[in-house]
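Let me put the thing up on the screen and then we'll walk through it together.

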Amino acid sequence: MNWLRGWIMRLPKSSLRRSVVLLFSILTFLLGRAAAQTTNIPARIIRSRALTILTLYICALLSALPSSAQSNAITLPRNLGELVLESETVVQGWVTSVTLEPYTQLRNLVTVVVAIRVEDTLKGSATNSYVFRQAVIDRKDLREKLGYRTGQHLLMILYKTSQFGLTSPAGMEQGRFRIESGSNGKLTATNGFGNAGLFHGLDSQLRAKALSLPPEVQAMVARQGAGPVALEQLKLLIRTITEANATK
């Protein structure tokens, strides 16, 4: 049942993940120990059965959360620097296909497979196209395919793909940006949180690393509140953060 441990570790770093890990450890230890003492069934078999029960419990818990739970409720706020630091791949491009596929290692889990025609790679090694697979837990997210649509123009900040082939935007909706034309005709980027908190505390982090930025990018970082930001300035900032992290 190693897939379950891996799946738990892909949960955002939140109280939910810690609770799941704690419950996982307690159940498998206690049930395995009790079985070894009171029955002739090997403890490893009991532990396997306990993991199956725990899987059902986790799925029931997550499916009972509000419809936006997977993308919002269990996600800790992160600024842009933290999102980029946690990511392995950052790409800009157009969504060319979105399909629902069952996850072979867990019968009742469905995944969304998204293919992107890459325009620009800001971090990682993606070239002309990039395909990723994201798990779907919530029923509404399943119907809406996590909000992905063919033809979308996106900037994606993505976690490293796990050994089970799964990934997601860093900070969930915080790492997925819609690209649209602004009132001045220039492209803007807005994440699923409306960019709220995107630059919170980032200014001091950049000063600590002695990073110099153009005045317009400094003004963007210093802004308060939510709202679209200029795509080119955001990309320049992401590249600057990526390069600084690579050389430390």
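So, let's start with Glu86, which is partly exposed, with a relative accessible area of 29%. One thing to keep in mind before I go on: this is a predicted model.

What does Glu86 pair with? Its side chain meets that of Arg78 in a salt bridge, 2.8 Å from N to O. And Arg78 counts as buried, because its relative accessibility is 7%, under the 20% cut-off. Why would two such side chains pair up at all? Well, side chains of opposite charge can do that when their charged atoms come close.

In total, the count comes to seven salt bridges. The part I'd like you to look at is a network that links Asp120, Glu232, Lys235 and Arg239.

Take Arg239 to begin with. Arg239 has a salt bridge to Asp120, and the closest N and O atoms are 2.7 Å apart. Arg239 sits in helix α9 while Asp120 is in strand β2, residues 110-123, so this pair ties together parts that are 119 residues apart in sequence. Arg239 is partly exposed at 28%, and Asp120 is buried at 18%.

Then there's Lys235 with Glu232, where the closest N and O atoms are 3.7 Å apart. These two are three residues apart in helix α9, which means about one helical turn between them. Buried or exposed, for Lys235? Buried, with a relative accessible area of 5%. Glu232, on the other hand, is exposed, at 54%.

Staying on that helix: α9 covers residues 231-247, and Thr242 is in there too. Thr242 is buried, with a relative accessible area of 15%. Which residues does Thr242 touch, leaving out those up to four places away in sequence? Val84, Leu122 and Lys123.

Now over to another threonine. Thr75 is in the loop between α4 (69-73) and α5 (80-86), and counts as buried at 11% relative accessibility. The C-alpha atoms of Thr75 and Gly171 are 6.1 Å apart, although the two residues are 96 apart along the chain.

Okay, zooming out. The chain has nine helices and seven strands, and 46% of its 248 residues are buried. Of the contacts with a separation of 6 or more, 62% are between residues 24 or more positions apart. The accessible surface comes to about 13000 Å², with 55% of that belonging to carbon and sulfur atoms.

Notes
Residues numbered from 1 in each chain as written. Predicted model: local features only at pLDDT ≥ 70, side-chain atom pairs only at ≥ 80, totals over all residues. Heavy atoms only, no water. Helix = DSSP H or I, 4+ residues; strand = E, 2+ residues; numbered from the N terminus. Buried < 20%, exposed > 50% of the residue type's maximum accessible area, 1.4 Å probe, protein only. Contact = heavy atoms within 4.5 Å. Areas by Shrake-Rupley, 256 points an atom, 1.4 Å probe, with all protein chains shown as cover. Salt bridge = Lys/Arg side-chain N within 4 Å of Asp/Glu carboxyl O.
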